[in-house]
Amino acid sequence: MTITLEQLRHSDIFGELADDELAQLVPVCHRAVYREGEVVLAEDAPADWLFIVEQGVLTLEKRIQLGRRGTLRTATVGIVGPGKSAGLSALTPSHVYTSTAVCLEPVQVIALDARTLRRLLNDNPRVGYKVMSVIAGLARARYKSATDTLAYFVSLVSHELRAPLAAIENYLNVMLDGFAGELSDKQQRMLRRSALRVNDLRLLIGDIVDLARMRPEQIQADFEVFDPGEVGADSIEDVRLAAGEKNVRIKIEPPKFVKIVGARRRLRQVFTNLLTNAVKFSPSGSTVTFRARYEPDAVIFEVEDEGIGIPPDDQPHIFDDFFRAENVGDVSGVGLGLSIARKVVDAHNGKILVTSPYLDGKTGTRFTVVIPRNLLTPEMRRSVQSESK
Amino acid sequence: MTYMPQRKCILLVDDDHDFVEATTAVLESVYDVDMAYGGGEGLAKARTSRPDLILLDVIMPDMDGFDVCEELKADPALADVPIIMLTSLPGALGPSGKVGCVSQAEDYLEKPVRPAELLRRVGKFLAGGEQDSQR
């Protein structure tokens, strides 16, 4: 059956074109039919065709693999129904499909040859401009939809998941601390394990939410004057239960603390993440050391463990999102703790370094965090700015 | 005349009944505890009973903790009652949070709150746990 101008005009991409412009596209079109479950276009394949769906529905799927060792999964990222287009990469560099389109049911499409179409649009700038303007609008709408969904999800997760978890953890802490009566050894152990698992889940949710919205200016807006000793003590308390379960000793070497400027809650997150990793990857009976020292321009914090160490080839990537070293085995985690630590330290104009091994002849890892002492709170910054006027 | 020390009273304002129960179990070991399950109820109880300290949740359906805090601090009879705000949203009460109220609340705590930490932070404002009274 011949493809008509009217059929092309009903598409989202070509709806704005005049008849004479649409007439130029007909020769590069042909009709195709696909069965349910059939793949119409594949992610990473050359974008040789642009498809306009006439009947049926396609799902757009993307491959997702978190980190090097994560399980490969697919996620549905869109739906394409009648009048809508799939394969927009045919018209945008690098001309490689960015998702896979699969038929949810029998599908009939108008397929346009990409090379010929691109040449045609190039040779007819007026038509090309109209089509690319529509594509830009579609891309903007899809981006807005994705960010709206993300913002909604982050907002939902922020409170609706955290609040019940906080309530569960409260009950567990109250029972473990003896405020609800005496517990048998077995009850103690089960409640301790539950508290650990809930704490892990709460921290994971926190990490995922943070990853979605952590920007330096947000962290810097929270700068305040605080005692790093209190933050260090809080971080040690955060891992006390897990360290106790594994019989890992935490040794503290504090200096005489002087107040500094920084994002208190975020730095607690950094130290907790480093201590959590140190405990996770250390054998039973070993020691994790947490020390700090002051230098004229910076405060230096160090977390050392006697654990499995980090392979040299993995060390350059250890702060990447979702990266997990080759030797982590079955140890739980998704690879966000260090990437978040790095983002927080960067927002402080600081440095975070890894040394593994740090002693000859022994395995283990040392993380060093350097926080400058010349940071300003928002109020200090405003005061400096008004004095300089 | 007989000296009879009375325990100090904390008003706990939070719409999460589970959090209220768990937190009350800890606080009752040292203090008398009154509960309110919403911002409006919390304001009403604060005005009638004048507690020694208020633990105030941020996110509540009828009236959020920031608005309750502002009203309490604007009331001359209650302005000097210490308020500790509570939230399960990390950073919600940081320096870049709702500054107007954070600067008036005396302290804040992020949930979940460990019992020892809760008692320590409350104790900063209510040293002794008891107030003297003479009959």
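Trainee: Is the crossing of helix 8 of chain A with helix 9 of chain A left-handed or right-handed?

Mentor: Helix 8 of chain A passes helix 9 of chain A in a left-handed crossing. A crossing has that name if the near helix is turned anticlockwise from the far one by less than a right angle, and is right-handed if clockwise. Helices (H or I, at least four residues) and strands (E, at least two) are DSSP runs, numbered from the N terminus. Please note that this is a predicted model, in which local features need pLDDT of at least 70, side-chain atom pairs count only at pLDDT 80 or more, and totals for chains, interfaces and linings use all residues. Residues are numbered from 1 along each chain as its sequence is written, while chains are lettered from A and ligands numbered from 1 in the order in which they are written.

Trainee: At what angle do helix 8 and helix 9 of chain A pack?

Mentor: The angle is about 145°, and the axes lie 9 Å apart. Axes are lines fitted to C-alpha atoms, for helices over the stretch in contact, and angles run from 0 to 180 degrees between N-to-C directions.

Trainee: Which residues of helix 8 of chain A meet helix 9 of chain A?

Mentor: Among them are A:Leu267, A:Val270 and A:Leu274, and the residues of helix 9 of chain A include A:Leu338 and A:Ala341. Contact requires C-beta atoms, placed from the backbone, within 7 Å.

Trainee: What makes strand 2 and strand 5 of chain A edge strands?

Mentor: The open sheet has the order 2-7-4-5 in chain A, with antiparallel pairing. Strands 2 and 5 of chain A each have a single partner strand, so one side of each is left without a neighbour in the sheet.

Trainee: How many bridges join strand 4 of chain A to strand 7 of chain A?

Mentor: Four bridges join them. Two strands pair if DSSP finds at least two bridges between them, and therefore these two strands, with four, count as paired. A:Leu60, for instance, has A:Ala101 in strand 7 of chain A as its bridge partner.

Trainee: How many residues does each chain give to the contact between chain A and chain B?

Mentor: Chain A gives 19 residues and chain B gives 22. On the side of chain A, helix 4 of chain A supplies the largest share, 11 residues.

Conventions:
Contact = placed C-beta atoms within 7 Å.
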